[in-house]
Amino acid sequence: MKKGSFRRSLFKLHSWLGLVTGIFLILLGLSGSVLVFRTELDNLFNRDLLHISTSENRLPDQALKRCYDNIINRYPNLDGIAWVNPDAEPGDAYNFRLYFNDARLLTYDLALISFNPYTGAILREGPSSQFTLSFIEWLFQFHFSFQLGVPGAALTAIFGITMLLSLLTGAIVYRKMLWKVLTFRVKINRKNWRTVSSDLHRMVGVWSLLLNAVIFFTGFWMNLFAFKAKTWQNEIVATKPNTPISIQPDQMYRQALSAMPDLEPTYVYLPTQPERKFEVRGYTKGQLKVWGSGNSVRIDQYTGELVEIDRLGEKPLGDRIQATFFPLHVGNFGGVAIKILYVIVGLAPGLLAVTGFLLWWRRVRGSHALASSK
């Protein structure tokens with residue numbers, strides 16, 4: 001194949017990848033940009049609901065047990081429970097993610113419930129598929145599944161790959177422009193909407209190329225579970241009745257922190273099925289957060305026996321690299337500046353889709369005008 005023909009073929013592939021997936025990339029980009037400040041926005045929108053007025057300066061001793069017992073009584077068939085804000089301050093609600101299974105393939109089975117840890121009062125409750133619970137929680141589930149269950153999770157992974165291919169083909173097609181854009185030798189020509197679209201498409205594509213490649217690859221990788229046959233099979237099998245833990249969760253939580261004193265918890269898994277173990281995950285003190293919260297302590301919830309202490313630094317290189325995928329995808333490894341960068345880059349796919357469509361439409365109109373003049 002001649003060089004010119006190969007380049008035209010790549011350009012066509014680049015164009016069609018953008019056109020076919022454009023609307024989905026806009027949705028993924030917009031939702032991802034909002035979710036960068038997911039925790040902050042949830043606290044802001046629900047400030048009155050989730051902030052607890054208390055004279056106490058420490059958290060209650062049996063709060064986990066109270067919440068756990070309440071949850072398993074309300075939901076007799078759960079895959080598991082996760083305490084998602086173990087770093088809660090004395091005036092914060094406890095947020096728990098519920099993993100359930102309604103035996104339907106097209107629903108992703110997550111729910112959220114928040115408690116007043118002092119009284120056990122439920123502050124909010126509901127599935128992540130409903131706006132009434134929390135728009136941010138609904139958006140979180142939409143971002144990785146389009147609210148279409150496991151098939152939706154597979155679909156978002158596929159779009160991750162198509163975006164990577166679009167980035168790669170675009171980098172090859174516009175390779176002569178890469179250095180010019182990076183050295184600020186290309187400016188936006190404001191002659192008309194066509195030139196503006198063309199220059200914006202190139203400049204945004206180049207400047208967001210590397211980080212977008214990282215974001216879409218890590219998103220694809222984290223959704224690989226949706227391509228496993230076992231995942232699809234489990235979705236249509238109802239969850240077994242809960243098998244409650246025997247050891248108090250507050251006791252196991254303290255035991256885990258004692259076993260790894262330098263652990264800063266970010267996630268606590270409270271099992272409801274016997275095959276899983278009580279687990280506390282998080283960072284270690286002084287650890288760069290880009291390496292992820294891959295340190296954990298696991299405890300047998302029926303005997304209280306320490307099962308395993310798992311330190312990220314002692315894992316194989318491949319596991320340590322994979323541990324970076326989540327923080328690299330969501331941008332939670334730095335301060336506000338990093339998050340703002342992720343918000344801006346998250347908007348890039350949408351802008352590329354719009355400008356790409358305008359460029360395609362210009363070519364289509366040009367071809368029709370040329371054909372009409374003959």
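Predicted model: local features only at pLDDT ≥ 70, side-chain atom pairs only at ≥ 80, totals over all residues.
## One loop, two surroundings

Let's start with the loop between β7 (295-299) and β8 (306-310), which is where Glu-305 sits. Glu-305 counts as exposed, at 52% relative accessibility. Leaving aside residues up to four places away in sequence, Glu-305 touches Gln-255, Arg-298, Ile-299 and Asp-300. Gln-255 is 50 residues away along the chain, yet its C-alpha atom and that of Glu-305 are separated by 9.8 Å.

Gln-301 is found in the loop between β7 and β8 too. With 0% relative accessibility, Gln-301 counts as buried, because buried means under 20%. Again not counting residues up to four places away in sequence, the contacts of Gln-301 include Ile-245, Met-252, Pro-271, Arg-276 and Phe-278.

Now for the outside. A patch of positive charge brings together Arg-7, Arg-175, Lys-176, Lys-180 and Arg-185. Helix α7 (residues 175-182) supplies the largest share of this patch, three residues. Lys-176 has its place in helix α7, and at 69% relative accessibility Lys-176 counts as exposed.

Leu-165 is in helix α6 and counts as partly exposed, at 41% relative accessibility.

## Charges that pair up

Side chains of opposite charge can pair when their charged atoms come close. In this model, the count comes to 13 salt bridges. One of the pairs is Arg-104 with Asp-102, at 3.2 Å from N to O. Arg-104 is exposed, with a relative accessible area of 51%, while Asp-102 is partly exposed at 26%.

Another salt bridge links Asp-262 and Arg-311, whose closest N and O atoms are 3.0 Å apart. Asp-262 lies in the loop between α11 (249-259) and β5 (263-270), and Arg-311 in the loop between β8 and α12 (317-323), so this pair ties together parts that are 49 residues apart in sequence. Both partners count as partly exposed: Asp-262 at 24% relative accessibility and Arg-311 at 26%.

## A network of bridges

Finally, take Lys-315 and Asp-310, which form a salt bridge with their closest N and O atoms 3.6 Å apart. Shared partners join Glu-279, Arg-281, Arg-298, Glu-308, Asp-310 and Lys-315 into one network of salt bridges. Within that pair, Lys-315 counts as partly exposed at 21% relative accessibility, whereas Asp-310 counts as buried at 18%.

Note on methods:
Residues numbered from 1 in each chain as written. Heavy atoms only, no water. Helix = DSSP H or I, 4+ residues; strand = E, 2+ residues; numbered from the N terminus. Buried < 20%, exposed > 50% of the residue type's maximum accessible area, 1.4 Å probe, protein only. Contact = heavy atoms within 4.5 Å. Patch = residues over 30% accessible without salt bridge, like charges linked within 9 Å, V, L, I, M, F, W, Y side chains within 5 Å. Areas by Shrake-Rupley, 256 points an atom, 1.4 Å probe, with all protein chains shown as cover. Salt bridge = Lys/Arg side-chain N within 4 Å of Asp/Glu carboxyl O. Lys, Arg positive; Asp, Glu negative; His and termini not counted. Charge placed at Lys NZ, Arg CZ, Asp CG, Glu CD.
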